[in-house]
Amino acid sequence: MSKDSTLFEDTLEVRDACLCLHAQRTARSLARRFDEAFRPLRLTSGQFSLLNALNGRVPPTLGHVAELLAMDRTTVTAGLKPLERRGLVETRPDPHDGRTRRLALSVTGAELLAQAIPVWRETHARLEEGLAPNEPQRLRASFTRLCETA
């Protein structure tokens, strides 16, 4: 067997078996679908995820958001900049520790998130309709296990 055919066989193995490749392809495909759905709101799927991550009882820290979204802090910071420019997100000092900054939705950000949630629900429901019964729950459980072992 030649070196080229061995390398090609390896390529086919990766194409067919690699969980990372399949997860990346799926994530990009899903992101495109949600990007299209959120376009009238001038949001991307990533921005929706960031806004949603900030929507809690206590404004989170940058580190908490990064951990929740499995992103590095630099990527979260870059993703927040356009949201801050639009006045959707605010950075505030922590009331108990002045060195810590907290991220919060502005009133405008909360209103936009409230508009985006029904869009997400409708798009998500259409996705789940294309899957077998119980498959969405099995997928979420598998994704969670993979994240815990990675």
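Modeller: A contact here means heavy atoms within 4.5 Å. The model under discussion is predicted.

Biologist: Among contacts between residues at least 6 apart in sequence, what percentage join residues at least 24 apart?

Modeller: The count takes in contacts of the protein chain whose residues stand at least 6 apart in sequence. Of these, the share that joins residues at least 24 apart is 50%.

Biologist: In what order do the elements of the protein chain run from the N terminus?

Modeller: The secondary structure comprises seven helices and two strands. From the N terminus on, the order is α-α-α-α-α-β-β-α-α.

Biologist: Is the protein chain more spread out or less spread out than a compact globule?

Modeller: For 150 residues the globule rule gives 15 Å, whereas the radius of gyration of the protein chain is 19 Å, well over that value. The C-alpha trace spans about 65 × 35 × 25 Å along its principal axes. Because its radius of gyration is well over the rule, the protein chain is more spread out than a compact globule.

Biologist: Is D94 buried or exposed?

Modeller: D94 is found in the loop between β1 (89–93) and β2 (101–105). The cut-off for a buried residue is under 20% relative accessible area. The relative accessibility of D94 is 9%, so this residue counts as buried.

Biologist: Which residue has its backbone nitrogen reached by the side chain of D94?

Modeller: Leaving aside residues up to four places away in sequence, D94 touches T100 and R102. The backbone nitrogen that the D94 side chain reaches, at 2.6 Å, belongs to H96.

Conventions: Residues are numbered from 1 along each chain as its sequence is written. This is a predicted model: local features need pLDDT of at least 70, side-chain atom pairs count only at pLDDT 80 or more; totals for chains, interfaces and linings use all residues. Side-chain values use heavy atoms; hydrogens and water are left out. Helices (H or I, at least four residues) and strands (E, at least two) are DSSP runs, numbered from the N terminus. The radius of gyration is taken over C-alpha atoms; the globule rule is 2.2 Å times the number of residues to the power 0.38. Buried means under 20% relative accessible area, exposed over 50%, partly exposed in between (1.4 Å probe, protein chains only). A polar contact is a pair of N or O atoms within 3.5 Å; within protein, one must be able to donate a hydrogen and the other to accept it, and residues adjacent in sequence count only if both atoms are side-chain atoms.
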